[in-house]
Amino acid sequence: AALFTAAPLAAAPVPTSAAKVASPLAAARAALEEVGDYEFANRSLTDVLAEVKERTRVNVTIDPGLAILGVDPSQPVVNVQLKRAKLRDVLRASLAPYNLRVGAVADGLFVSTEEGVTARQLRQRVSVDCDGTKAADALKALAAESGANVVVDPRLKMKADAPVVLKLDDVPLETAVRLLAELADLRAVRLNNVLFVTSPERAAQLRADADGPVPPAPASPVFPNQPQPGAPGVIGIAVPGVAVPFQGNAGGPAVEVAPVQAPAPAPPISLPPETK
């Protein structure tokens, strides 16, 4: 099986069974199925996710790129009252006003648009070291350790069991899946957030309805400022991690733009060589 290492999660006041699971991904999946009582009245998404993180001890990350779309998670618009409900359903109801969703990734839970969650899942950085490993086993290990949906066509078991030799370091998950499939004389087709590994012929038939590779995420958002008094034509840029003055109107008072933090990279996923 694939091995995965990550920094330990910080302790929280209210531990749950999810905290006892070894990996952050497994903890996140277990937490989504936990049943509890939740009540949020005019709460912001930031507050809701902070409470979820405290109760489950699972890492929860909001996509910082949402600022580009004008999404403000600090607005108090969440009104949810659910008893004996799975956390998955609680989060779905809490995210609905923002038109967002949550997905499990290697380092916990990730909140973004549907496209953003798919991009995060399929572009996680992975490392592969296969020396005679069955292609199907390598693909299943990548899926298990990343949270991504990788489906191998069960009608092609013989091809999928072909031994492959592949060594990759720090590549997007989708790239690793496509290369592993290619080495087994198979092809990977993306259908929304699913990578379906099948024969070249079936892949060609599906491709008309399939999606292309997930594009890279845009750079951290920047916010151009209005020209400052005395400096016509000069545009200031908000650099991630640095607060800069923003001039709303010429001659008006300056206000501080909150710094934009770049997302932390997901820890690499490694596949060990096949045991002889």
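User: What makes the residues that L180 touches count as contacts?

Analyst: Contact means heavy atoms within 4.5 Å, and by that rule L180 touches C130, A135, A138, L139, L142, V164 and L166, leaving out residues up to four places away in sequence. This is a predicted model, in which local features need pLDDT of at least 70 and side-chain atom pairs count only at pLDDT 80 or more, while totals for chains, interfaces and linings use all residues. Residues are numbered from 1 along each chain as its sequence is written, and side-chain values use heavy atoms, with hydrogens and water left out.

User: Why is the group around L180 called a nonpolar core?

Analyst: A nonpolar core is a set of buried Ala, Val, Leu, Ile, Met, Phe, Trp, Tyr and Cys residues joined through side-chain atoms within 4.5 Å, where buried means under 20% relative accessible area (1.4 Å probe, protein chains only). The largest such core has 31 residues, and L142, V177, L180 and V197 have the most contacts inside it.

User: Why is the pair of Y38 and F40 called tilted?

Analyst: Rings of Phe, Tyr and Trp (its six-membered ring) pair if their centres lie within 6.5 Å, and planes under 30 degrees apart count as stacked, over 60 as edge-to-face and the rest as tilted. Y38 and F40 lie 6.1 Å centre to centre with 45 degrees between the planes, so the pair is tilted.

User: How do you know that R55 lies over the face of Y38?

Analyst: A charge sits over a ring if NZ of Lys or CZ of Arg is within 6 Å of the ring centre and within 35 degrees of the ring normal; R55 lies over the face of Y38 at 3.9 Å from the ring centre, and R120 lies over the face of F110 at 4.5 Å.

Note on methods: Buried < 20%, exposed > 50% of the residue type's maximum accessible area, 1.4 Å probe, protein only.
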